[in-house]
Amino acid sequence: MERKIVGIVSGKGGVGKTSLTASLASLAQKDIKTQVIVMDCDVDAPNLAIILPALDEAKIKKEDTFATRKAKFIEDQCVNCKKCIDDHFCEFNALNWDNQNSIPIIDFLKCEGCGACRVLCPEHAFEINTVKSGEIISYKSKIGFPLIYGKTRLGSTSSGKLVSDVKEYVNNSKDIDNSNLILIDGPPGIGCPVIATISNLDYVITISEPTPSGLHDLIRVIEVIQHFGIPFGLIINKSDLKSPFTEEFQKFISDTGYIKLGEIPFDLSIPQAMSYAESVVEFAPDSKASIVIKKIFENLKKILWE
Ligand code: SF4
Ligand code: SF4
């Protein structure tokens, strides 16, 4: 079967994206027709690895990435004129004045690496360097498939670049030739990391809850997906929520004609599975949620390969 790359995204976090990815990955691993690679591109808060730990911790591979630029102060060059503060060189408020030593101090977390201080300081007392921005971690999971994820470093300003690096890492890995399905747990929202995740996918699954904010965020993420012209399907999580808004949410989907891949009912098995760090289809295979997720996986296979 031709290799397909599928992203699971949501307009906001905490709506079941990672839990769903873990379950789809488990089902794909058990299916004799699919050879799956799993990626977590939610690089600012990767937690798929908690549900899908490594088979052998000693074999976990880590690779540093360097994509963030930060200013560095060169004290020997400084003549203590304080222009950098008085003339507000830094738009990001990353420069503070050290009264005791009469020198500027760079706030590492606030610095965006824009380079203004380097250009404006008459004594060339700043330089801009590329610093460690995160890491790519890869291993064989306990269930059996390769899992690769990115993790940003505190203060990194390059989450989108790290997502692209993770995707490239997988493209160059030796596992890629043996795979026919790549599942990506995407970041929430519609920012740069989401765009980096969505580009070049074959299919996108969106998951959302039937609430006013859920619909608002769903519409935003669909706009991004449609911008790239990628086919997508919707999953409603906690679809049986007794909310006055549920009907309106369902009406939106039927009016737009978007493909609905399934509706996952509220099921305590899901948080229970999470507390045991397992996917729900493994933890409670006969639960209401697992039965629906299995149907969603069968639906997905038909869409991808039939
Ligand atoms: S860093 Fe440059 S602008 Fe700031 S006090 Fe030193 S010499 Fe003056
Ligand atoms: S590089 Fe830009 S953001 Fe960083 S300290 Fe200099 S002016 Fe501020």
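Modeller: Y169 lies in helix α5 (residues 159-171), where helices (H or I, at least four residues) and strands (E, at least two) are DSSP runs numbered from the N terminus. This is a predicted model, in which local features need pLDDT of at least 70 and side-chain atom pairs count only at pLDDT 80 or more, while totals for chains, interfaces and linings use all residues. Residues are numbered from 1 along each chain as its sequence is written, chains are lettered from A and ligands numbered from 1 in the order in which they are written, and side-chain values use heavy atoms, with hydrogens and water left out.

Biologist: Which residues is Y169 in contact with, leaving aside neighbours within four places in sequence?

Modeller: Contact means heavy atoms within 4.5 Å. On that basis Y169 touches K61, E63, I136, S138 and I148, once neighbours within four places are set aside. For E63, the separation from Y169 is 106 residues in sequence and 9.9 Å in space, C-alpha to C-alpha.

Biologist: What share of the contacts in the protein with a separation of 6 or more comes from residues 24 or more positions apart?

Modeller: Such pairs account for 75% of those contacts. The protein itself has 11 helices and 11 strands, and its C-alpha atoms fill a box of roughly 70 × 50 × 35 Å along the principal axes.

Biologist: Why is T65 called buried?

Modeller: Buried means under 20% relative accessible area, exposed over 50%, and partly exposed in between (1.4 Å probe, protein chains only). T65 has 6% relative accessibility, so T65 counts as buried. T65 is found in strand β3 (residues 61-73). Not counting residues up to four places away in sequence, T65 touches V131, K132, S133, G134, E135, I136, L162 and D165. Of the 306 residues of the protein, 51% count as buried.

Biologist: What makes D64 and K132 a salt bridge?

Modeller: A salt bridge is a side-chain nitrogen of Lys or Arg within 4 Å of a carboxyl oxygen of Asp or Glu. The closest N and O atoms of D64 and K132 are 3.2 Å apart, and the pair counts as a salt bridge. This pair links distant parts of the chain, with D64 in strand β3 and K132 in strand β6 (residues 126-140), 68 residues apart.

Biologist: How many salt bridges does the rule count?

Modeller: The count comes to 12. One of the pairs is E263 with K260, at 2.7 Å from N to O. E263 is partly exposed at 28% relative accessible area, and K260 is partly exposed at 37%. Elsewhere, salt bridges that share partners join K17, D42 and D185 into one network.

Biologist: Why is K174 called exposed?

Modeller: K174 has a relative accessible area of 66%, and therefore K174 is exposed. The side chain of K174 meets that of D175 in a salt bridge, with 4.0 Å from N to O. D175, at 27% relative accessibility, counts as partly exposed.

Biologist: Which domains does the domain assignment give?

Modeller: Domain 1 covers 4-53 + 141-305 and domain 2 covers 67-132. Such bounds come from an automatic or database domain assignment. The domain centres, taken over C-alpha atoms, are 41 Å apart. Seven residues from domain 1 and eight residues from domain 2 take part in the contact.

Biologist: What area do domain 1 and domain 2 bury between them?

Modeller: They bury about 630 Å², 57% of it on carbon and sulfur atoms. Buried area here is the accessible area (1.4 Å probe) that two parts lose on being put together, summed over both.

Biologist: How many salt bridges are counted between domain 1 and domain 2?

Modeller: The count between domain 1 and domain 2 is zero.
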